[in-house]
Structures are given as structure tokens and as C-alpha cells.
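Good morning, everyone, and thank you for making time for this short talk. Please have the sequence and the structure open while I speak, and follow along as we go from one part to the next.

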Amino acid sequence: MSYNKYFDDARAAGRKPALAPALINQVLLDVAAEAIAQTAVILAENQKDLDLMDPKDPKYDRLKLTAARIEAIAADMISVAGLDSPLGKQLSEAQMPNGLSISKVRVPLGVVGVIYEARPNVTFDVFALCFKTGNISILKGGSDADHSNRAIISVIHKVLNKHHIDTHVATLLPAEREATAALLNAIGYVDVLIPRGSQSLIDFVRDNSKVPVIETGAGIVHTYFDLTGDLEKGAEIIANAKTRRVSVCNALDCLIIHAERLSDLPRLSHILGEKEVELFADERAYEELKKTYPGALLHKAQPEHFGTEFLSMKMAIKTVESFEAALEYIAINSSKHSEAIISEDAENIATFLNDVDAAAVYANASTAFTDGAQFGLGAEIGISTQKLHARGPMGLEELTSYKWIVKGNGQTRNP
Ligand SMILES: NC(=O)C1=CN([C@@H]2O[C@H](COP(=O)(O)OP(=O)(O)OC[C@H]3O[C@@H](n4cnc5c(N)ncnc54)[C@H](OP(=O)(O)O)[C@@H]3O)[C@@H](O)[C@H]2O)C=CC1
Ligand SMILES: N[C@@H](CCC(=O)OP(=O)(O)O)C(=O)O
């Protein structure tokens, strides 16, 4: 199948004059209202996708929409509408000795291609952030969410039509792998690609893309409980980071504990036990837990349990002799997404926040906060695990580049 028509139409939509900020915000508010109004339709289509998936699959929860989730999506859309647009913002201005005025101004990236997991809220989020920043979005959603995504793009297109806006500002590609291959080769049509998904997707895109890519990779997430960690805070933070939504990339995968706090492990993990989290504990942690933790949920860890993203009610426990050993362990096993320390030692906290190489580093808080809306960005287009252009939750600013504006009155360069 040829995808040229999709790409041509998107590029043509991108050449049209920029929309007024007030109109952009009104469209976002109208899409939010339409999403709520069409809750029953969206949920019915979502159910068709759910019917094809095993409810025990961790992806099921990611795929599932509810009325409350649609309300939360609409609320995010409303907050994106309420945020200042970065477009046209002057980043710097200089008057040169020759009289030239040179300024740096934020502009859209252009056509943004997003390949993403079977999580239907992403369709709304990507549209909202791209539309607000004057970008054209080309979406390739997970095939497991195809009914949901098609219902959502219809909601968006209905509102765009109402405002006489070219619907090609947001295009949903057929949910087939060939569409991804075509996007990767769409030089001259797509300015940047943002893949959201498994290592297999990221590797495929990294190896094959001819257009620039911003990676949003897996979250192999650790929380280190330090010698001075507060037990009460620790138990709540760890349980929240692990169980708030186990299928998402910011969920906790491995608790690292200082050896001198091992005797506190039963109390530190009691909420996990109540929530039926399966633990894969190293030798010493296992010995501490075997008297108290529910037997069926406690296992001796194997090497494959470390440096692993579970995306389910499973978690590894690693014992370390020192703070330095925890830093070393994280440096080797982290995917540089989100990392946390629980400690009352100001010096260790400062060192951790400074030295740990991850997109988001936390002290005494749950890694579940790594999320665009939670960071005040309205929503997120992905959580970048690379360092160039953008890092961590990517919102409006991260969907812009800049250009230099040079104004003169007849200057020529000599020699
Ligand atoms: N950092 C971040 O912002 C995010 C990270 N993630 C990470 O993603 C993972 C979960 O995603 P998961 O549900 O497994 O999604 P997948 O990686 O299975 O799917 C995501 C998208 O990529 C496509 N895809 C997957 N593999 C390939 C491939 N080899 N070649 C071409 N296309 C491919 C899928 O298409 P198809 O439907 O055809 O399979 C789908 O559109 C977790 O590791 C999570 O941490 C997820 C979202 C955001
Ligand atoms: N935005 C997220 C985290 C990032 C995300 O979308 O990840 P995933 O669920 O793995 O597709 C959240 O906490 O809701």
C-alpha cells in the first residue's frame, strides 16, 4: 500500500497559514467537550478492542478506557488549552555592532510522526500538544487499539470540520507495520519521529529511520531505600510507585535496600503484600521476608529479574552494602527514565539527584509522577529517554524548535 497520499496531505496542511491562538484553544476545548459527549461511542469501540485482548495481559489496563478516564483526558485537553503557547516566544535578542538585530524565536517542528502503544489516550494527547504548537501530527497507534483510535480521530475530525480546519492536521495511519516503515522513510514529509513503546520498537526505529528520531524508551525504574530512609514514607512511596498503574513505564521495578535496613523490610513491604505484589528478592532480602511476606508471592530472585521492566504486579529487591553501591547498581541497570532515593540524609539526597543519570530523579517521592500532566505540561507526547533536544516528559516546548530572525537596513557582509 502507498502512504504517499497521507504524507502529501499532511505536508499540504502544514503549508497553510498558522491558526490564531484563540481558535486553537477553542478547538481544544471543543474536542474535550465532544470526547465527553461521545463517551458511549468511544467506550463501545474500546470494548471491541478489549474483547480481542486477554484481560490478564498487562496491556489490557493500558488499553482500557472508562468514563472517568475520558473525563481525565478531557481535563488534560482543557489544561493544554489554558497553557501559554510557546510559539513566537523570543528566546534571545541581540543588537549587533553593524546594526543588525538578531533574535531567536520558537517555531513548530513541522510534521511530527508518532508511533505508539495501545493506549488510546495518547491519540488525544498527541493531537492536543501538536495542534497547540502548530505542528501537524501523523499517528500510527498500536494495532490492539485500532477501534478506539479510529473513534477518537473521528471525534477530533468532527470538531476540526466544524471550525473549517483541514482535518489533515491530524492523520491516523492504518494500524499496520508497513505504515511504520513508510513513516521511517518519509524524508521531506516528516520532520521528526517519536516512537513510544518497547525496546523492539525503539531498536527497529533506531536501525531503520531515515528521518530524525526522539526516543521514548522503556522504564527500568529503581527506588533506593537509604540507611536513613523514613519507614512510613518509604512504605507508601514504594507501594504507590509499584502499584498505582503497573502497566506504565514509570512504575517501579526494583527496590534497592541498604543492608543495614534489611530488618525493616517486612514493614517496608507490608502494603505490597496487601496488594499482592509478587517479589523476587535476592538471598538476604528473601531471608528477611520469608517469615512475614505471603509465601505464594515471595520468590528467590534469578539474574533475569534485575535490570528488567515488569509492567505487572512484580518487583525485584536488591540489597546493597552502601549508598555508593546503590549508585553503581543504578548506573548499570537503569534505562535512565526515572530513579528515586528515600533518605533523610541531605548530603546523600544531593549526591543522588546530581549524580544519577536519568530523565527524572526523585527524593522521597513516587516515580509515578513522571508524566506530562503531573509535571504541569498539560499532557505529554512521550517521556524521552535520550538527551538531545528533549529529556523526560515532553510537552509544548519540546514540540518546538527555533529560528533566527535577522533584521537589517541594508547591511552587507565584507569581506
Ligand atoms: N518513555 C515513554 O514515554 C514510554 C515508554 N513506553 C514503553 O513501551 C513499552 C510498552 O509498550 P508496548 O505495549 O510493548 O508497545 P509495543 O512496542 O508493542 O508497540 C508500540 C507501537 O510500536 C509498534 N511496534 C512494536 N514493535 C515494533 C517493531 N519491531 N517494528 C515495527 N513496529 C513495532 C506497535 O505496532 P503493533 O501494534 O503493530 O504491534 C505499536 O504501534 C514499555 O517498555 C514502556 O515502558 C511506552 C510508552 C511511553
Ligand atoms: N503518562 C504516563 C507514563 C508514560 C506512558 O504513557 O507509558 P506507558 O503506559 O508505558 O505507555 C502515566 O503515568 O500516565
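Predicted model: local features only at pLDDT ≥ 70, side-chain atom pairs only at ≥ 80, totals over all residues.

How many bridges join strand 3 to strand 4, and do these strands run parallel or antiparallel? Residues are numbered from 1 along each chain as its sequence is written, and chains are lettered from A and ligands numbered from 1 in the order in which they are written.

Now to the answer: strand 3 (residues 111-115) and strand 4 run parallel and are joined by five bridges. Helices (H or I, at least four residues) and strands (E, at least two) are DSSP runs, numbered from the N terminus, and two strands pair if DSSP finds at least two bridges between them. Within this pair, Val-112 has Ser-137 in strand 4 as its bridge partner.

Strand 4 (residues 136-140) has five of its five residues buried, so it is largely enclosed by the rest of the structure. A residue is called buried if 20 or more other C-beta atoms lie within 10 Å of its own, exposed if 12 or fewer, and partly exposed in between, with C-beta atoms placed from the backbone. On one side of strand 4 we find Ile-136, Ile-138 and Lys-140, and on the other Ser-137 and Leu-139, all of them buried.

Let us stay in this region and turn to Cys-130, which lies in helix 6 (residues 121-132). Cys-130 counts as buried because it has 25 C-beta neighbours inside 10 Å. Leaving aside residues up to four places away in sequence, Cys-130 touches Val-112, Asn-135, Ile-136, Ser-137 and Leu-399, where contact requires that the C-beta atoms, placed from the backbone, lie within 7 Å.

Next comes an open sheet of three strands, with the order 1-2-16 and antiparallel pairing. Its edge strands, each pairing on one side only, are strand 1 (90-95) and strand 16 (400-407). Strand 1 pairs with strand 2 (residues 101-108) in the antiparallel sense over five bridges, and Gln-90 stands opposite Val-105 in strand 2.

What about helix packing? The axes of helix 3 (residues 39-51) and helix 7 (residues 146-162) come within 7 Å and cross at roughly 160°, the axes being lines fitted to C-alpha atoms, for helices over the stretch in contact, with angles running from 0 to 180 degrees between N-to-C directions. Helix 3 and helix 7 are therefore roughly antiparallel to each other, since angles under 35 degrees count as roughly parallel, over 145 as roughly antiparallel, 65 to 115 as roughly perpendicular and the rest as oblique.

Finally, let me point out some backbone details. Most residues other than glycine have a negative phi, and most peptide bonds are trans. Glu-276, however, has a positive phi near 65°; this residue sits in the loop between helix 12 (270-274) and strand 9 (278-281) and is exposed, with 11 other C-beta atoms within 10 Å. Leu-311 also has a positive phi, near 55°, and is found in the loop between strand 10 (298-300) and strand 11 (314-320), but Leu-311 counts as buried, with 20 C-beta neighbours inside 10 Å. In the segment after strand 16 lies Pro-415, which is joined to Asn-414 by a cis peptide bond with omega about 0°.

Terms used. Contact = placed C-beta atoms within 7 Å.
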